[in-house]
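Me: I am new to this structure. Please show it to me, and then take my questions one by one.

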Amino acid sequence: MSATDRDPIRLIVNGDRVDVCGVSPQTTLLEWLRGPRQLTGTKEGCAEGDCGACTVVVAESRGDGTLVWKPVNACLKLLPSLDGKAVFTIESLAGPGGALHPVQRAMVDCHGSQCGYCTPGMTMSLFALTKTARQPTRAEIDDALSGNLCRCTGYRPIVDAARLACAGDAEAGDTGWRGPGVAADGSRIVSTDEERIAAQLAALARAATFEYEGAGQRWIAPVDADGLAAACAAHPQARIVAGATDVGLWITKQHRDLGTLISTAGVRELAAIRRDADATTIGAAATLEDACAALDDDYPELRESWRRFASLPIRGAGTLGGNVANASPIGDSMPALIALSARVILRRESRVRSLPLEDYYLGYQKTAREDGEFVAAVVVPRRPANLVLRAYKVSKRRDQDISSVYAAFALVVENGIVRRARIGCGGVAPTPSRAGAAEVALAGRPWTEATAQAAASALEGAYTPIDDLRASAAYRRRVLGNLMRRCWLETGASAAAGARVPTRVDACAGD
Amino acid sequence: MNAPGPGLPDLTAAGEAVGRPVAHDSAELHVTGAAAYTDDIPEPRGTLHAAIGVSPAAHARLRSLDLAAVRAAPDVVDVIVAADVPGRNDVGPIEEDDPILADGVLSFAGQPVLAVAATTVEAARRAARLARFDLEPLPAILTVEQAMEARSFVLPPVHVARGDAQGALGRAPHRLAGTIRSGGQDHFYLEGQIALAIPLEGGAIHVHCSTQHPGEVQHMVAHALGIAAHQVVVECRRMGGGFGGKETQMSLIACVAAILARRNGRAVKLRLDRDDDMRSTGKRHAFVYGYDVGHDDDGRILALDLTLASRCGFSADLSGPVNDRAVFHADNAYWLPDVAIHSYRCRTNTVSDTAFRGFGGPQGMFAIEAVIDAVARATGRDPLDVRKANLYGVDERNVTPFGMTIEDNIAPALVDRLEETSRYRERRAAIAAWNRESPVVKRGLALTPVKFGISFTATHYNQAGALVHVYQDGTVLLNHGGTEMGQGLFTKVRQVVAQELGIGVEHVRVSASDTSKVPNASPTAASSGSDLNGMAARHAARTLRERLAAHAARKLDCDPEAVDFREGRVTGGPRSMGFAELARSAYFARVPLSATGFYATPKIHYDRRTLSGRPFYYYAYGAACAEVAIDTLTGEHRLLAVDILHDVGRSLNPAIDRGQIDGGFLQGWGWLAMEELVWDARGELKTHAPSTYKIPTAYDWPTRANVDFWPADNREETIHRSKAVGEPPFMLALAGFHALRDAVASVADYRYAPDLDAPATDERILFAVEDLRRRMSGAHR
């Protein structure tokens with residue numbers, strides 16, 4: 001056993017440096033906090049990242065001496081993935097002498113807790129919000145709370161508390177790490193505490209692959225792509241894990257022993273996002289939140305469906321590469337990426353290859369990825385001229401839900417003629433897929449209602465989806481066609497008629 | 001002059017304790033993570049962790065069970081099956097048909113069959129999955145329709161009738177019939193079911209668990225272990241949500257933990273994983289309703305024949321009283337002259353359905369509101385006009401189908417007020433005009449009333465006890481038979497006691513519900529917590545106050561009747577003393593400073609066989625006006641706005657009452673518009689986690705919400721003239737459901753009642769829209 005094998009996991013918990021040895025790398029942060037650390041304020045509600053009772057806040061070094069503060073589902077977070085990070089739990093939030101944090105005060109004053117079980121997680125999500133928002137809109141508050149379920153209050157007092165807490169004092173000044181992250185004038189606040197913590201974390205940063213072993217299981221966290229390639233080659237059967245938003249469930253729900261785990265989260269090149277003249281290259285370990293931000297300039301039409309991809313903590317942990325690699329037929333990134341002609345970059349040792357994303361999917365959860373190979377990046381072309389783009393997610397619940405149907409339409413329309421059409425679909429086939437038949441019904445034709453109807457009919461007939469708990473096959477088919485019709489109403493009909501008909505229920509909400 | 005005595009705390013407080021928006025008594029503990037739930041209690045040395053192994057089949061004979069792999073799994077200490085239950089293998093609250101661990105015949109997929117104790121949670125859960133079942137499959141009944149066909153019932157059908165429904169139907173100028181359904185609902189309390197059983201000396205046992213009914217858990221554990229009730233202590237400081245799901249469902253969990261603890265002489269904790277919790281514990285009853293209604297040109301109901309058939313699951317549990325309450329609320333706020341109601345309690349091979357906020361009331365109201373909606377569309381009238389035309393009268397047309405005269409009907413006045421404050425008519429016209437211009441998105445509006453009967457229909461449950469101690473420093477410890485699940489009961493009762501003794505609420509501490517402090521307590525259910533326990537605690541506090549007043553009269557040289565307790569001071573004539581000083585003085589004078597209080601609800605009586613009498617002490621009323629939007633291309637929908645006017649009597653705590661209204665309303669919206677339980681053809685629940693079962697999120701709270709209280713006291717002598725508030729607001733969400741129906745109806749010019757069941761998922765809405773469009777085009781042809 002080499003020296004590195006005995007390396008402990010080094011993290012900061014509520015301000016204290018902690019070294020962890022001996023525990024299995026598939027131990028979740030939640031188990032560890034509630035068990036050995038005896039920090040029982042963080043609750044387990046579902047152990048699958050859907051209720052938010054376990055929300056803690058994790059601070060990571062931004063690399064410039066400041067921190068990124070993220071709400072995190074402790075139930076899905078594997079303990080070794082916190083190496084070099086700072087964890088803050090509800091127990092740390094009250095100030096010296098037990099003075100309630102403004103978020104806690106607001107929750108009490110607004111009567112934001114009833115049974116209290118969701119409250120620690122809810123409070124930590126609101127604390128994270130104070131780091132990024134000053135006077136959040138209702139939609140921003142809803143998004144911040146999209147991963148926190150409350151069964152008692154109806155959320156009204158919690159939304160009130162969010163507003164109250166984020167309004168903050170006129171001049172908060174340097175109130176330490178607990179203070180707000182945004183000043184009244186919108187500028188960022190970096191406290192001296194934050195700089196101190198960032199320095200502590202910088203000292204914990206790894207220069208070489210972190211190898212950890214506990215309870216007979218290995219965790220390998222390379223820091224660069226070569227290290228990752230070497231690790232994958234040495235352990236071709238190892239499970240690659242990025243944000244663990246899916247792999248976490250295999251542990252908490254399926255009680256599986258996952259063997260050796262290779263983490264991509266710390267791989268420099270994989271976290272990188274590069275924008276060139278012809279494409280944006282999103283490293284496989286870039287989080288969904290970062291990926292979405294990177295594509296926002298080119299494709300603002302995707303904003304809503306990105307936001308509804310998952311809750312904020314899941315978007316902050318899950319990666320675009322993980323979503324793509326996992327090959328779920330209901331993964332929400334792939335239909336839009338397919339419509340945008342994205343390619344996936346695969347690497348094994350020094351061999352690098354690139355595939356159109358739709359060709360990566362061979363069958364239900366079967367992909368073109370070979371043993372020892374890993375997804376390195378997703379390459380998304382820059383926005384073409386005259387692009388008409390729409391991406392629609394339909395799910396039983398608006399926020400933090402899995403799609404029943406997802407459709408993305410990318411049409412290049414010139415002088416009223418559809419020059420090129422690409423349609424990506426999810427939830428209607430064993431894999432994310434490209435709807436060739438409907439594309440044919442569009443390409444080369446005038447962008448008219450009749451064309452849209454023909455494409456809609458082609459879409460309805462193109463798939464034989466399944467009945468499941470989310471929707472019937474009949475509904476999925478019907479909605480797929482109707483989303484094409486919606487796309488027409490939003491992009492073609494309004495231009496033709498000069499007035500836009502409402503096509504979304506949110507347009508009526510007045511928020 | 002006003003200083004407390006030496007070494008005594010200052011108990012002065014400004015103003016009255018009752019009626020103020022006092023924060024939840026655990027609010028600061030909640031927000032700091034310091035509030036301890038059962039899983040947070042430090043585990044005794046050597047605590048074992050348990051897990052259950054469940055039936056893989058909906059209905060099968062268990063030929064044999066191979067536990068070799070379970071026993072051989074790492075860290076396993078003990079495994080039990082039905083034969084290992086030392087006492088009675090049953091946790092049925094009324095009927096004896098609910099085994100702790102199933103034996104012989106397995107009755108639903110997910111039914112507990114074995115339990116494992118291991119040194120870690122993970123080891124226990126892994127091992128519990130290793131049992132090998134040798135099963136002989138039996139035919140399974142999974143739906144209400146199949147059960148009705150097979151006449152498969154957990155309890156005999158019940159029929160309630162007044163007048164001659166069939167004759168009146170025949171004579172009515174208009175008659176229509178239909179069928180509609182409402183789905184079940186998982187409680188989704190954020191804290192799952194959990195019990196920690198600790199063996200004590202002499203064979204006694206102490207169980208910490210998350211329960212609405214410690215007294216029942218106590219008796220069930222005693223029966224399961226074959227020991228006396230006095231050997232079992234059950235304690236619960238707080239639950240992380242209950243909603244009815246911890247009224248009877250905790251018994252099985254506690255019994256398993258207790259049996260394993262007893263066998264091993266070690267503490268045992270059983271905490272269900274969320275998926276196991278959702279698969280193996282009961283839910284709200286799903287109903288299928290059939291109606292045949294006769295009405296006049298104005299939509300007045302002349303006759304109604306109504307069938308309520310519910311899915312009860314494999315055992316009776318609380319299905320009897322739940323379905324009784326559905327019958328009792330099938331009138332909601334409406335006068336039904338000639339009426340026949342038939343209630344079928346269907347036995348199915350699914351988890352046994354149980355109490356859930358409203359306890360059958362929502363389902364009864366669901367039926368009549370659907371009937372009214374159908375009548376409104378048939379007569380072409382605004383549904384609100386039809387609702388108003390059918391409301392019970394105040395002095396006439398005011399007897400329920402089960403023979404109770406309604407003495408407190410405020411529904412007509414309350415509905416009128418809300419109609420005005422919500423600007424219903426103006427918005428109705430605006431929405432109709434808007435919908436004409438909007439081909440894809442349609443908006444809908446509805447205003448519905450709620451009238452909900454308050455009291456347990458099990459008359460003997462309408463009693464409560466409390467125990468109040470005053471210590472030498474004047475601080476007060478309160479205990480009562482109710483449980484805290486977030487509803488604010490402890491806070492309200494604390495206010496009542498503080499008010500009675502004239503001290504600040506912060507000087508009254510509420511201790512955990514504990515069967516060794518207040519015996520034989522009823523479940524905290526039926527919205528009755530404050531009514532019952534508040535009154536019992538007041539009686540206890542009043543006893544103490546009277547004793548203290550007598551003592552104070554001697555000290556202050558005045559008449560005992562003249563002694564006033566207020567703001568931490570005790571005053572008699574010109575002189576006064578601090579409450580703490582009085583308490584200490586009373587102690588030295590050997591005045592007893594502990595008292596019990598008891599309360600039994602007056603006036604109620606009813607015949608369980610015929611369902612006739614006065615089951616309810618009073619009614620709580622409310623109404624909501626909801627506005628929604630639907631997308632006719634996808635069926636997606638959103639609740640846009642709600643105006644609520646609700647009757648809480650004279651509020652004990654307006655902040656807590658507002659919380660119950662908001663939370664109840666949105667939970668009701670979840671039931672009616674979002675949350676769908678899906679079983680597959682083999683009877684396996686497919687929606688057993690929040691990834692698949694979707695309760696409302698923050699987004700689902702409407703952007704416009706106005707909530708007001710009806711400004712009148714309870715006419716009955718309840719605690720400070722307040723009214724129960726736990727359940728009634730849940731049913732306000734019917735306004736949202738009917739707003740959805742209204743939006744769907746708009747696509748056919750409001751001529752037809754849509755075929756739309758609950759939950760009104762996107763899919764149901766889309767297909768209801770398409771169905772109406774087909775009917776319209778058919779009518780035009």
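Me: Which strands of chain B does helix α15 (residues 529-556) of chain B lie across?

Reply: This is a predicted model, where local features need pLDDT of at least 70, side-chain atom pairs count only at pLDDT 80 or more, and totals for chains, interfaces and linings use all residues. Residues are numbered from 1 along each chain as its sequence is written, and chains are lettered from A and ligands numbered from 1 in the order in which they are written. Helices (H or I, at least four residues) and strands (E, at least two) are DSSP runs, numbered from the N terminus. Helix α15 runs at about 140° to β24(B) and lies across β17, β18 and β24 of chain B.

Me: What is the strand order in the open sheet of 4 strands in chain B?

Reply: Two strands pair if DSSP finds at least two bridges between them. The pairing here is mixed. On one side only do the edge strands pair, β19 (508-510) and β24 (594-600) of chain B. The twist averages 25° from one strand to the next, and the order is β19-β18-β17-β24.

Me: Which residue in β18(B) stands opposite B:Val468?

Reply: Strand β17 (residues 463-470) of chain B pairs with strand β18 (residues 476-480) of chain B. The sense is antiparallel, over 5 bridges. Opposite B:Val468 stands B:Leu478.

Me: At what angle do helix α3 (residues 119-130) and helix α5 (residues 156-167) of chain A pack?

Reply: Axes are lines fitted to C-alpha atoms, for helices over the stretch in contact, and angles run from 0 to 180 degrees between N-to-C directions. The axes of α3 and α5 of chain A are 10 Å apart. Their angle is about 35°.

Me: Which residues of α5(A) does α3(A) meet?

Reply: Two residues are in contact if their C-beta atoms, placed from the backbone, lie within 7 Å. From α3(A) come A:Met122, A:Leu126, A:Leu129 and A:Thr130. In α5(A) they meet A:Ile158, A:Ala161, A:Ala162, A:Ala165 and A:Cys166.

Me: Which element gives the most to the side of chain A that touches chain B?

Reply: In this contact, 73 residues of chain A face 71 residues of chain B. Elements giving two or more residues on the chain A side include α2 (102-109) and α4 (138-144) of chain A. The one that gives the most, with 7 residues, is α18(A).

Me: Is A:Ala327 buried or exposed?

Reply: A:Ala327 is found in the loop between α13 (320-326) and α14 (334-339) of chain A. Its phi is positive, about 65°, although it is not a glycine. A residue is buried if 20 or more other C-beta atoms lie within 10 Å of its own, exposed if 12 or fewer, and partly exposed in between, with C-beta atoms placed from the backbone. A:Ala327 has 21 other C-beta atoms within 10 Å, so it is buried.

Me: Where is B:Pro759?

Reply: Most residues other than glycine have a negative phi, and most peptide bonds are trans. The bond from B:Ala758 to B:Pro759 is cis, with omega near 0°. B:Pro759 has its place in the loop between α18 (734-745) and α19 (762-780) of chain B.

Me: Over which residues of chain A does pLDDT stay under 50?

Reply: pLDDT is the predictor's confidence in each residue, from 0 to 100. The mean for chain A is 94, and 96% of its residues reach 70 or more. Where pLDDT is low, the predicted coordinates should not be read in detail. In chain A, pLDDT stays under 50 over residues 1-5.
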